[in-house]
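Here are my notes on this model. Keep the structure open beside them and check each point as you read.

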Amino acid sequence: MRTQNLGYPRIGSQRELKKACEQYWSGKIPVQQLLQTGKTIRNQNWQLQKEAGIDLIPCNDFSYYDQVLDVSIMVGAIPERYHSLMEAKQLPDIDLLFAMARGYQQDGQDVTAMEMTKWFDTNYHYLVPEFTANQTFTLYNTKILNEFLEAKESGINAKPVLLGPVSYLLLGKEKEEGFHRLELIKKLLPVYLEIISKLDDANAHYIQFDEPCLSLNLSEAEQKVFEKAYREIKNRFPHLHIILASYFECYGDNLQTVLNLPVQTIHLDLVRYPTQLDDILATDFVKTKTNLSLGVVDGRNIWKNDFQQSLSLINKAVEKIGSDRVLIAPSCSLLHVPCDLDLETNDKTLTPEIKPWLAFAKQKIDEVVTLKQLANNENAEAVSIKMKENIEANESRKTSILIHNNKVKERVAAIGEKDDQRISDFSTRKVKQRKALGLPMFPTTTIGSFPQTAEVRSWRVKLKNGALTQQEYDDLIAKETTEAIRWQEETGIDVLVHGEFERNDMVEYFGEQLGGFVFSKNGWVQSYGSRCVKPPIIYGDVSRPAPMTLRWTAFAQSLTKQWVKGMLTGPVTILQWSFVRNDQPRSETCTQIALAIRDEVVDLENAGIKIIQIDEPAIREGLPLRKENWQEYLQWAVKAFRISASGVKDDTQIHTHMCYSEFNDIIQNIADMDADVITIECSRSQMELLDAFADFKYPNEIGPGVYDIHAPRVPSKEEMMLLMEKAMAVVPVEQLWVNPDCGLKTRHWEETRTALKEMVDAAKGLRLLV
Ligand code: GLN
Ligand code: ZN
């Protein structure tokens with residue numbers, strides 16, 4: 001029996017990569033220093049896994065931005081608009097990578113970034129490959145080989161990890177009509193074969209192909225492409241040990257195809273879908289020689305493994321196929337969990353009672369190895385102590401009184417039919433809201449946050465370490481908020497926001513004030529590029545002991561005669577961006593959060609706030625990967641949103657906001673949420689995302705984003721007007737709002753000011769047109 005890891009977090013246990021990238025982007029460190037940081041992280045990760053006793057240690061799981069973008073560069077799928085950059089400046093690979101990821105606005109060049117979207121049902125985002133009809137591929141760089149050789153130099157015969165060719169194509173988008181991206185497999189495969197042959201020459205024994213699209217519904221034709229591709233790879237490299245990894249779901253209807261693929265090892269996510277193992281062991285698969293990699297340690301959540309449960313799965317497999325054919329592994333790459341629980345030394349946040357219930361990446365690596373030792377009866381004495389500890393920790397969690405709050409359980413049980421319904425339907429509300437709010441055509445607004453400058457963030461640090469008193473901190477936040485309100489008034493924005501300066505993060509801020517949540521100090525997880533999030537840990541029933549946003553929203557409203565929009569994070573997003581309990585259904589936890597948000601909405605209304613936004617950027621990413629499971633999820637998710645939004649009067653306007661989403665297949669459910677206004681991310685897709693709303697004849701109001709806030713680039717008034725004209729072509733003008741794609745917290749003030757001024761001018765320009 002062997003152990004393998006599918007991927008290790010690459011941001012560094014102290015977010016070294018994030019810091020180095022951002023310093024490099026702002027010109028504070030030279031490129032060598034950034035590259036050195038990457039090298040150090042890779043080496044630390046390898047050594048850590050080696051010392052823990054992992055047999056198959058991954059390489060090329062590292063990336064300076066995104067592993068999908070890395071493949072696009074590797075195979076030379078570099079969109080046309082970057083070509084002049086490449087020629088004009090001879091950009092080094094790393095700068096080309098960042099230009100594709102973030103856009104490029106320098107030296108008279110102005111190139112937009114590539115589109116970004118969610119990685120399956122995670123909160124990680126990848127850069128969407130772009131394909132054209134006459135797309136060609138060439139081996140543009142050999143990052144994967146370089147990292148393999150680098151590992152070798154430090155004494156590790158690593159297992160290169162590469163996004164497989166079929167998923168790579170499926171995850172991309174056709175930028176022209178007239179072809180399907182899977183047709184490109186013929187052109188793509190030779191480049192894959194070329195890089196594999198280089199790895200082969202360098203004596204790589206294993207290669208892990210991630211084909212996570214095997215967790216989706218695939219047509220027969222699509223399954224055929226997998227067969228063809230892997231047969232071709234196998235024919236060329238018969239001796240290479242191919243590990244095929246998919247995760248986040250079972251193989252479902254693709255199982256037979258997968259079992260027949262000419263690969264040596266098939267990885268199973270047994271955390272998501274443990275019964276998959278029985279299905280496989282019941283087939284003729286047992287008579288083959290193919291190995292199974294058992295993903296029993298949860299790569300998506302932070303709970304300590306249940307050794308007894310994992311061992312029963314492992315033993316079942318060993319009994320049927322023998323231990324030689326079994327590998328123990330995390331369920332997926334550990335990219336999605338924080339680095340190291342040992343760094344959590346603050347007893348006030350992660351209390352000594354809760355900490356033993358948890359495991360982060362480093363601890364999960366140990367769990368994988370311990371499980372192997374337990375299953376093999378190696379090191380019997382030492383591991384039996386670990387087994388005992390494991391049983392005790394899990395038992396203490398199950399029986400802890402910290403988890404249960406009967407009032408909350410009773411309130412959930414008492415939810416009635418009316419509790420998720422507004423008083424009147426939208427057509428009635430619309431009239432009342434128009435009258436109450438008196439907004440112009442094309443009302444302008446922003447999505448909530450304004451730049452969280454280093455200064456603003458430093459206040460929070462100082463408050464925490466005692467360098468600022470609460471009063472001093474509050475005064476600073478008040479000053480910043482006041483300036484933001486003044487500035488918005490001067491700029492001519494119609495619906496103002498308070499700026500969210502008091503918030504560290506849109507989920508953390510709420511989690512800190514809700515019962516049933518705890519926080520790590522250092523539990524960072526990569527969201528995209530250098531952006532990391534620190535998901536709260538929901539360990540118990542959720543309650544709201546006191547109002548959470550009332551104070552700063554009411555303060556901001558007191559400063560101005562214009563409307564200030566209250567800003568809340570919705571129940572599904574709080575759920576989705578937290579580490580969630582695994583001892584009750586997600587729907588149950590979500591409903592508890594919905595009730596807490598509902599109370600907040602009602603409190604805001606009572607304080608005179610007439611417009612309240614409940615952000616739900618994560619609704620779509622919560623979708624199960626298989627369509628047959630969608631409706632069940634959407635039903636409880638939409639209901640949770642409605643519960644949170646339905647405590648108010650007709651003339652209170654409820655907004656919601658979503659980003660990085662395609663809406664086509666869930667537009668009915670989005671409409672069922674019945675928000676009075678929805679703002680969506682749209683600009684990178686050139687308003688394409690709006691088509692779903694147009695085709696559906698979406699009845700409520702919509703603000704399609706006209707300003708891409710993920711990149712420092714400033715769009716012009718004309719550019720935004722053009723985008724809005726595209727919107728006007730498909731959505732009636734009286735339904736349209738003008739706003740950026742998302743919150744502005746990651747931007748700098750300078751570009752924000754310029755861009756929003758342009759945006760207001762764009763709205764003024766539009767008003768003249770109609
Ligand atoms: N109100 C939040 C903000 O402006 C919304 C962020 C989001 O959708 N991701 O930051
Ligand atoms: Zn957003």
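1. A caution comes before the details. This is a predicted model, in which local features need pLDDT of at least 70, side-chain atom pairs count only at pLDDT 80 or more, and totals for chains, interfaces and linings use all residues. Residues are numbered from 1 along each chain as its sequence is written, while chains are lettered from A and ligands numbered from 1 in the order in which they are written.

2. Look at the sheet. Strands count as paired if DSSP finds at least two bridges between them.

3. β2 pairs with β8 (residues 159-163) in the parallel sense, over two bridges. Cys59 has Pro160 of β8 as its bridge partner.

4. Next, a helix pair. Helices are DSSP runs of H or I with at least four residues. The axes of α6 (residues 143-153) and α8 (residues 185-201) come within 10 Å and cross at roughly 15°. Axes are lines fitted to C-alpha atoms, for helices over the stretch in contact, and angles run from 0 to 180 degrees between N-to-C directions. α6 and α8 are therefore roughly parallel (an angle under 35 degrees).

5. Which residues make the contact? Ile144, Leu145 and Phe148 of α6 meet Ile195, Lys198 and Leu199 of α8. Contact requires C-beta atoms, placed from the backbone, within 7 Å.

Notes
Angles under 35 degrees count as roughly parallel, over 145 as roughly antiparallel, 65 to 115 as roughly perpendicular and the rest as oblique. Two residues are in contact if their C-beta atoms, placed from the backbone, lie within 7 Å.
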